[in-house]
Amino acid sequence: MITSTILKLRSTREAFLTPTMGKYAHALFLEIIKQISPEISEELHKPSKYKPFTVSFLQGRFDKRGNKVLILPGRSFRLRFTILD
């Protein structure tokens, strides 16, 4: 079974991010799983050619400033986690 969860986020302050912040979304997903089931989290951390999950990039409206993106207060963003059970 495929399960997809969307986290809806709202910025509370201005922040600059690099466009390639996917590793942080990936780490957030694994931390959430660890809080629920440390055993599953440990299994997902193991090296594998295929992972039973995907983590999207941060989706929303950004302002570009050079090689960074600017997040303004009050803007909404989404992260999607998809899991194959």
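# Close-up views

**View 1. N67 is found in the loop between β5 and β6.** This is a predicted model, in which local features need pLDDT of at least 70 and side-chain atom pairs count only at pLDDT 80 or more, while totals for chains, interfaces and linings use all residues. Residues are numbered from 1 along each chain as its sequence is written, and side-chain values use heavy atoms, with hydrogens and water left out. Helices and strands are DSSP runs numbered from the N terminus (helices H or I with at least four residues, strands E with at least two). N67 counts as exposed because its relative accessible area is 62%, where exposed means over 50%, buried under 20% and partly exposed in between, with a 1.4 Å probe and protein chains only. Although N67 and T18 are 49 residues apart in sequence, their C-alpha atoms lie 7.0 Å apart in space.

**View 2. Strand β6 pairs with β5 and also with β2.** Two strands are said to pair if DSSP finds at least two bridges between them.

**View 3. The largest nonpolar core is made up of 8 residues.** A nonpolar core is a set of buried Ala, Val, Leu, Ile, Met, Phe, Trp, Tyr and Cys residues joined through side-chain atoms within 4.5 Å. The members to look for are A25, F29, L30, I33, L44, F53, L79 and F81. Helix α1 and strand β7 each supply at least two residues of this core, and α1 gives the most to it, with 4 residues. One member, A25, touches V55, S56, L79 and F81 when residues up to four places away in sequence are not counted, a contact being heavy atoms within 4.5 Å.

**View 4. S41 is found in helix α2.** Is S41 buried or exposed? S41 counts as buried because its relative accessibility is 3%. When neighbours within four places in sequence are left aside, the residues in contact with S41 are L30, I33 and K34.

**View 5. I6 is found in strand β1.** I6 is partly exposed, since its relative accessible area is 40%. Leaving aside neighbours within four places in sequence, I6 is in contact with R78, L79 and R80. Q59 lies 53 residues from I6 in sequence, and the C-alpha atoms of these two residues are 11 Å apart in space.

**View 6. The largest pocket is lined by 19 residues.** A pocket is an open set of points on a 1 Å grid over the protein atoms alone, where a 1.4 Å probe fits, with protein on both sides within 12 Å along at least five of seven lines, and its lining residues have an atom within 4 Å of a point. Of the residues that line the largest pocket, L17, M21, L58, F62 and I71 lie nearest its centre. The elements that give two or more residues to this lining are β1 (2-10), α1 (22-36), β6 (68-71) and β7 (76-84). Among the contributors to the lining of the largest pocket, α1 gives the most, with 4 residues.

**View 7. The second largest pocket has F29, I33 and I36 among its lining residues.** The rest of its lining consists of S37, I40, L44, P52, F53, I83 and L84. Helix α1, helix α2 (38-45) and strand β7 each supply at least two residues of this lining, and the largest share, 3 residues, comes from α1.

**View 8. The whole chain has 2 helices and 7 strands.** Read along the sequence, these elements follow the pattern β-β-α-α-β-β-β-β-β. The C-alpha atoms fill a box of roughly 40 × 20 × 20 Å, taken along the principal axes. Of the 85 residues in the chain, 20% are buried. Among the contacts in the chain with a separation of 6 or more, 68% are accounted for by residues 24 or more positions apart.
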